[in-house]
Amino acid sequence: MMDEAVHIPFMRKALELASRGGRDVEPNPQVGCVIVRDGKIIGRGWHRKFGGPHAEVEALRNSAGAARGATMYVTLEPCNHAGKTPPCTDAIIASGIESVVVAMKDPNPHVAGNGLTRLRQAGIDCVSGVMEREALALNEKFVIRVTKDRPFVRLKVAQTLDGFIAPLRGPSRWFTSEESRARVHAMRADADGVLVGSETVRKDNPSLSVRAVTGNNPRRIILTSSWELPMKSAVFADPEAHRTIIVTSKRAANRHQEIVDTFRAKGITVIEATNDVRERAYLPVVLKRLLQEGIHGLLVEGGAGVFSAFLDQRFADRIDVFLAPKIIGGGLGAFSALKALPLGDARNFAVEHTVASGDDTQITFRPLQEE
């Protein structure tokens, strides 16, 4: 096998192919594959849609029978079990592939490592971990789903330089730049659902749709215990109102049964999750129910009570902060509803990257491993 530096250009191409699958492959992962002989790509493929051929099979077909003795680069460990398609390991072994380079092992604890073990038993040289970080990032929703049985949760926080997401009085919309708002719309297009609290709906009346970029609208998810939700709100009044989900506690739904029935009559889904000690919807149950609704990637856009609840229960897989160069001297903090913690109990995050976003700065955080 070649050294890792030689592997990287081919794995980078396989990752680019994998990204073409996008949301069409959900709930499967995005996977790309190239087959290389004498430093040249002779076959390529990617998983195009759920239930369709896997990337390895597409690449083998594309190689026109010339794969014997070649090296396969694939972004995810080949499967060794039959699902909607036969095991990819069987096709690889039958093709005469000499070596396989993998970016990441299958994160599913029930199958992790089985594919590579099967290939090695057949005499195929295998290497894993090449551009693993990039492969994990591409399939972050899939990884969380198979390891934690819930959606991938991404928090989007837009705040001023002095740390406020809203002023004490008046609406909080539009204090970030147009470029930042376009980036948020791209996040929505990449998500299956976007979630806010009922106070955000009342104060800002957001549409939670994709407008500044090309992409599909996510489902809108509203957390409420008060049921103070104006029926004229954008999320209930536009043509996609039927794709809105309201999440509440069972006790709150029982107290407001007439209102609940009115929303359900409009085709709006109401999820009644078990109560937590403060009579709110219990987030572990909420996330499991949303996964059942096909929400594999969840974008949380606020407000402070919602942000604080997700952070408190350690359901923040990624936080994107848009820092606007404005100072207002007072207001509402993103996590102001979180109970005060001693420094030793702080929720710890690492900066993944920082990038200019118009006049703003976008900072991406990931929880540290011990979290």
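Let me start with Met-11. Leaving out residues up to four places away in sequence, Met-11 touches Tyr-73, Val-74, Thr-75, Val-101, Val-102, Ala-103, Val-130 and Met-131, where contact means heavy atoms within 4.5 Å.

A word on the source. This is a predicted model, in which local features need pLDDT of at least 70 and side-chain atom pairs count only at pLDDT 80 or more, while totals for chains, interfaces and linings use all residues. Residues are numbered from 1 along each chain as its sequence is written, and side-chain values use heavy atoms, with hydrogens and water left out.

Back to Met-11. Met-11 is among the residues with the most contacts inside the largest nonpolar core, which has 35 residues; Ile-35, Met-72, Tyr-73, Ile-92, Ile-97 and Val-100 are the others named. A nonpolar core here is a set of buried Ala, Val, Leu, Ile, Met, Phe, Trp, Tyr and Cys residues joined through side-chain atoms within 4.5 Å. Buried is under 20% relative accessible area, exposed is over 50%, and partly exposed is in between, with a 1.4 Å probe and protein chains only. Two or more residues of this core come from each of H1, strand S1 (32–37), helix H2 (55–62), S3, strand S4 (99–104) and helix H4 (114–121). Helices (H or I, at least four residues) and strands (E, at least two) are DSSP runs numbered from the N terminus. There is also a second, separate core of 32 residues, including Leu-155, Val-286, Leu-290 and Ala-334.

Next, the rings. How many aromatic pairs are there? The count is 4, taking rings of Phe, Tyr and Trp (its six-membered ring) with centres within 6.5 Å; planes under 30 degrees apart are stacked, over 60 edge-to-face, and the rest tilted. Phe-10 and Tyr-73 have ring centres 5.3 Å apart and planes at 35°, so this pair is tilted. Phe-10 belongs to helix H1 (residues 4–19) and Tyr-73 to strand S3 (residues 71–76), so the pair ties together parts 63 residues apart in sequence. Phe-10 and Tyr-73 are both buried.

Phe-307 and Phe-335 also make a tilted pair, at 6.0 Å centre to centre and 50° between the planes. Phe-307 is in helix H13 (residues 304–312), and Phe-335 is in the loop between strand S14 (332–333) and strand S15 (349–357), 28 residues apart. Phe-307 is buried at 2% relative accessibility, whereas Phe-335 is partly exposed at 27%. Elsewhere, ring pairs join Trp-227, Phe-236 and Phe-263 into a cluster.

Trp-46 has charges over its ring. The charged end of Arg-20 sits 4.8 Å from the ring centre, and Arg-48 lies over the face at 3.8 Å. The criterion is NZ of Lys or CZ of Arg within 6 Å of the ring centre and within 35 degrees of the ring normal.

Another arginine, Arg-219, lies in strand S9 (residues 219–223). Arg-219 is buried, with a relative accessible area of 15%. Its contacts beyond four places in sequence include Asp-192, His-242, Arg-243 and Glu-293.

Finally, the whole chain. The protein chain has 13 helices and 16 strands. Its radius of gyration is 23 Å, close to the 21 Å from the globule rule for 371 residues, so the chain is as compact as a globular protein of that length; the radius is taken over C-alpha atoms, and the rule is 2.2 Å times the number of residues to the power 0.38. Buried residues make up 50% of the 371.
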